[in-house]
Amino acid sequence: MVSAMHAIDRKLIRDFRRLWAQALAIALVLACGVAILLTSLGMYRALEETRTAYYERNRFADVFVSTRRAPLSLLRELGQISGVQAIEARIAGDVILDVPGLDKAAVGRVLSLPEVGQPVLNVPVLRSGRLPETPFEVAVNEPFALSNGLQPGDQFSANLNGRKRVLTLTGTLLSPEFIYTLGPGAMMPDNRTFGILWMQRAAAAAAFDMEGAFNDLSLKLDLYAQEPEVLDAVDTLLEPYGGLGAYGRNQQLSNSFIDAEIKQLRSMAVVLPPVFFAISAFLVAMVLGRIVTLERSEIGLLKALGYSDVEICIHYLMLAGLIALCGVAIGWAVGTWLARGMSQLYVEFFDFPFLIFHVSSWVYGLSGAMAIAATTFGAARSALAAARLSPAVAMQPPAPPRFRRTLIDAAMSWARLSQPTVMILRSLTRWPLRSAMSALGLSLAVAAVMASSFITDSLDTLIDQAFYQSNRQDAVLVFAKATPLSVLEDVGRLPGVMQLEGQQYHVAVLRHGQFEKRVSVEARFPGVDLSRVISATGAVVEASAGGIVLSDVLAEQLHLRVGDMVEAEFLTGKRGRYRMLVTGLVKQYFGLGAYVDLAYLDGLFGRATEVTVANVTLDDAALPDLHAALKGIPNLAATNMLTEARRSFEDTISQNVTIMTTVYITIAVLITVGIAYNGARIQMSERARELASLRILGFTRWHVSYILVGETMLLALLAQPLGWGIGHLLAWSMTAAFSSDLYRIPLVIKPATYASASLVVLGAALGSVLIVRRRLDNLDLVSVMKTRE
Amino acid sequence: MTAGPSMPATSPTEPRIVFRTEGVTKVFANGEVKVRALDGVDLELFSGEFAVLLGPSGSGKSTLLNILGGLDHVTSGRVWFRDTELTGMGDRELTRYRRDHVGFVFQFYNLVASLTARENVQLVTDVAAKPMPAEEALDLVGLAHRMDHFPSQMSGGEQQRVAIARAIAKQPEILLCDEPTGALDSKTGVQVLEALHGINDRFGTTTVVITHNAEIRRMADRVIRFHDGHIVAVEVNTEHVPPSQITW
Ligand SMILES: Nc1ncnc2c1ncn2[C@@H]1O[C@H](COP(=O)(O)OP(=O)(O)OP(=O)(O)O)[C@@H](O)[C@H]1O
Ligand SMILES: [Mg+2]
């Protein structure tokens with residue numbers, strides 16, 4: 001033969017080229033599925049593998065616990081707990097830092113290094129410089145050094161044990177404990193104002209009065225250890241020394257944030273791609289069904305010429321295969337780009353000592369295979385029908401579709417609809433499955449827009465409740481330990497402080513029957529104005545003496561209702577078990593809140609009123625003075641500038657939401673175009689003769705367009721209510737997937753969100769069908785009888 | 001009814017039998033309505049002959065041709081191609097049979113619109129056992145200069161000649177033509193007939209042509225008349241007229 005390519009393959013390629021716009025519309029939907037699978041599954045695997053490798057290499061501990069002050073001699077007993085493989089005791093504490101060039105106080109988490117050698121657990125990676133060797137040397141976590149422009153040899157000062165000391169930076173580290181580094185009370189990582197300081201054990205002991213003692217413990221378990229039993233044993237041993245309750249990796253802050261991210265990626269990988277693959281399969285089925293109908297005589301001919309059923313079947317499957325190839329190619333390109341963008345985002349939020357850009361080749365393989373499987377599945381029916389077509393039957397023209405008068409027809413004639421309208425309605429009911437599937441596809445597009453834009457509504461509610469209703473203070477000053485109420489007078493004298501309220505934070509284990517949860521309990525004065533608890537209806541809720549108010553999520557976890565009694569074992573304050581009445585439940589989006597009356601609690605503890613934090617509102621003009629003053633206050637463990645936190649939270653969120661909305665709207669438009677464009681092209685092909693005859697009969701262009709546009713737009717309109725329903729469901733399941741002990745997202749969907757989702761989809765549908773409609777204008781009334789789609 | 005002079009198939013001096021049918025019936029059942037398209041057809045076709053099937057519309061000509069060509073199954077009766085029985089063959093064997101032995105020409109050309117003349121012919125040469133080059137087949141029907149044109153760029157007669165080139169390119173033993181001139185005017189029709197006749201002459205291809213056009217019978221070796229699913233008459237033509245002398 002002259003050329004290597006077979007004539008039937010050349011037909012394949014020409015058919016594909018002729019169908020390019022339709023094929024592209026499908027390929028783009030398919031590409032969405034491939035790209036999302038690639039990104040979510042690829043990043044899920046990459047993040048998980050990177051984390052696992054990091055944890056293993058640097059011996060990340062399995063159990064963590066803080067305690068007030070335990071003697072080093074206790075370590076022998078702790079190490080003998082069955083299942084404990086290794087143990088690392090440290091001194092930990094928060095200090096206020098004065099970093100040159102930083103206009104506000106930063107908080108440093110001090111961690112002691114062993115006297116000799118490296119820590120056995122949570123081994124830090126040295127990134128530059130060396131470990132500290134003298135008492136006033138420290139190493140810091142690399143992000144803190146980078147964002148403050150600190151280099152080995154640089155100096156900054158810290159309040160250590162009430163005295164301002166100058167510390168010299170010797171090196172930078174990264175630790176598996178701080179992949180996600182969140183300061184106390186912060187909502188977002190801020191590497192400028194929160195850093196980890198590793199210092200020699202002796203220096204830390206002097207700073208926190210811990211000679212011969214420790215207050216922070218990490219344990220590594222062996223393979224056969226039962227974590228709950230180890231936790232109990234550790235708690236029992238530490239009980240006399242003010243143990244604050246041992247917890248596993250699932251409550252370790254950095255780890256649980258990465259867990260949440262991994263969980264999210266995984267559910268994204270499981271939920272979203274199948275939707276796109278299903279839509280693509282449907283579109284392929286629709287388009288190929290039409291092509292096989294049009295090519296009946298060619299199929300018959302090929303069979304008459306001696307092509308086998310299998311060859312014919314493969315011929316049409318390959319047409320779908322070409323669409324799949326385009327989809328996979330685009331999907332891989334976009335997916336790779338998205339994965340890269342995502343890993344850049346991770347680099348910003350997560351501190352790993354090595355890169356996590358890599359998407360495994362099997363993920364590429366899997367996404368490609370799934371795309372091909374989806375299109376093959378969609379094509380299978382038509383391809384098999386083509387293969388089954390008897391060669392003799394194929395030679396005859398297809399019988400005109402049979403119309404029967406139905407109730408709908410009777411209704412239509414009763415309603416005296418115009419003929420074009422009747423044509424639209426009849427065609428919708430003639431292909432009920434196709435109409436239903438198209439409407440379903442379009443409704444998924446509506447749902448996709450809603451699934452992203454509702455987040456704005458939800459976060460507005462969340463931000464309003466958390467920041468503007470409940471926590472209205474500008475800053476929280478955290479004291480190193482519980483302090484007599486008189487400290488508030490000192491705080492009140494600080495520059496710029498306007499309103500001022502004290503409060504206590506405690507760690508307690510709440511128990512109800514077999515359920516228990518380690519939480520932080522807030523004790524407040526009645527009638528406070530800055531940090532309030534707000535019920536779902538917006539009313540201020542306060543705990544009365546003897547009572548406790550819980551967030552609804554916490555109550556649910558403990559199976560508690562209003563009127564039940566709960567046992568609270570306080571690990572701070574005066575340790576002991578107290579029974580309290582649940583007097584109210586509140587809806588909250590951050591953490592697991594529990595609230596008691598401060599005077600009542602101090603009564604239980606049998607002590608004079610103390611506070612652990614001060615909530616303040618500030619005069620903006622005095623901020624620089626305030627920051628300068630805060631850097632010098634002894635006994636201050638941390639300062640939490642809420643106004644700034646709010647701003648950066650809102651900025652980050654709105655940036656993320658913008659990205660997400662853009663992605664989802666793009667997706668929705670692609671789906672809509674895929675369905676509406678292909679649908680209109682098929683109608684056009686089925687109706688070319690009909691529409692041309694109408695034109696010959698004297699119908700105007702407008703009338704004829706109305707038929708074409710009307711059917712698609714009617715379907716799109718019918719899809720809206722269903723889309724809203726699915727969107728609502730999707731939004732609900734997203735909020736469910738997002739929610740963890742750390743935070744929850746309320747399900748709020750404003751009417752504007754429904755409307756804009758509909759507008760996007762209706763607009764895209766109209767655009768697609770108008771592109772097809774243009775072909776009507778160029779319709780050559782004579783030659784139309786010969787046109788193919 | 002037996003068609004044609006009865007000749008023992010084994011005799012070396014007599015023409016060899018290519019097709020033999022025995023009591024072939026074909027009933028189409030479309031829902032309630034049953035149409036008896038063939039109602040006991042006994043026929044023999046001989047190697048190298050040019051046979052014309054004549055008959056009114058709906059008399060079953062196409063149905064018979066489709067059965068001979070392995071496109072369709074009989075309802076009852078038997079059909080042999082040489083010593084092989086076609087009735088009873090599965091779809092896979094019928095596909096082989098079509099691929100290896102039969103060339104088809106249809107009334108509406110049935111070219112693949114997205115392929116050029118040459119490529120339409122290559123559709124066959126790609127799968128046939130011992131094809132002639134597509135270019136040669138097109139040359140035989142006088143279309144060597146239109147090889148790279150698409151069907152939409154050719155006249156009806158030209159398209160039909162491409163279809164004939166496609167049918168003969170595999171060098172089939174049998175050529176089955178269903179109203180090859182049905183859509184053509186007299187002049188182009190004659191060109192098509194000349195092409196068919198030339199092939200029959202040169203290669204000795206058994207050729208069966210269905211037509212409504214009684215004039216065409218003048219070029220046939222035998223004329224088989226159909227009516228209501230039966231063969232009503234078989235005439236042997238002793239004086240052939242060349243296609244060029246036929247007009248309508
Ligand atoms: N697939 C089919 N289903 C039902 N009836 C059929 C089918 N094919 C053919 N027929 C019927 O069988 C009869 C014979 O049809 P056939 O096509 O063989 O006639 P014909 O002689 O070729 O006619 P024409 O000259 O019009 O082509 C006709 O009555 C026709 O309606
Ligand atoms: Mg016929």
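Student: What makes the site around ligand 1 shared between chains?

Tutor: In this predicted model, the residues that surround ligand 1 come from chains A and B, and therefore the site is shared between chains.

Student: How many residues surround ligand 1, and which are the closest?

Tutor: Ligand 1 is surrounded by 15 residues, and the closest are Ser57(B), Gly58(B), Ser62(B), Thr63(B) and His212(B). To be counted as near the ligand, a residue needs a heavy atom within 4 Å of it.

Student: What about the side chains of Lys61(B) and Glu179(B)?

Tutor: For Lys61(B), an N or O atom of the side chain is 2.8 Å from an oxygen atom of ligand 1, while for Glu179(B) a polar side-chain atom lies 3.4 Å from an oxygen atom of the ligand. Both distances are within the cut-off of 3.5 Å, so both pairs count as polar contacts. As for cover, ligand 1 on its own has 630 Å² of accessible area, of which the protein covers 72%.

Student: Which elements give two or more residues to the shell around ligand 1?

Tutor: They are β1 (17-30), β2 (33-46) and α1 (61-68), which belong to chain B, and α1(B) provides the largest share, 3 residues. Sorted by class, the shell holds 9 polar, 4 nonpolar and 2 charged residues.

Student: How do you know that chain B and chain A are in contact?

Tutor: Contact requires heavy atoms within 4.5 Å, and 26 residues of chain B are in contact with 25 residues of chain A. The two chains bury about 2300 Å² between them, with 59% of that area on carbon and sulfur atoms.

Student: Which helices of chain B each supply at least two residues of the side that touches chain A?

Tutor: These are α2 (91-101) and α3 (117-125), and α3(B) gives the largest share of that side, 5 residues.

Notes:
Residues numbered from 1 in each chain as written. Chains lettered and ligands numbered in written order. Predicted model: local features only at pLDDT ≥ 70, side-chain atom pairs only at ≥ 80, totals over all residues. Heavy atoms only, no water. Polar contact = N/O pair within 3.5 Å; in protein donor to acceptor, adjacent residues only side chain to side chain. Areas by Shrake-Rupley, 256 points an atom, 1.4 Å probe, with all protein chains shown as cover. Helix = DSSP H or I, 4+ residues; strand = E, 2+ residues; numbered from the N terminus. Nonpolar A, V, L, I, M, F, W, Y, C, P; charged D, E, K, R; others polar. Buried area = accessible area lost by both parts, 1.4 Å probe.
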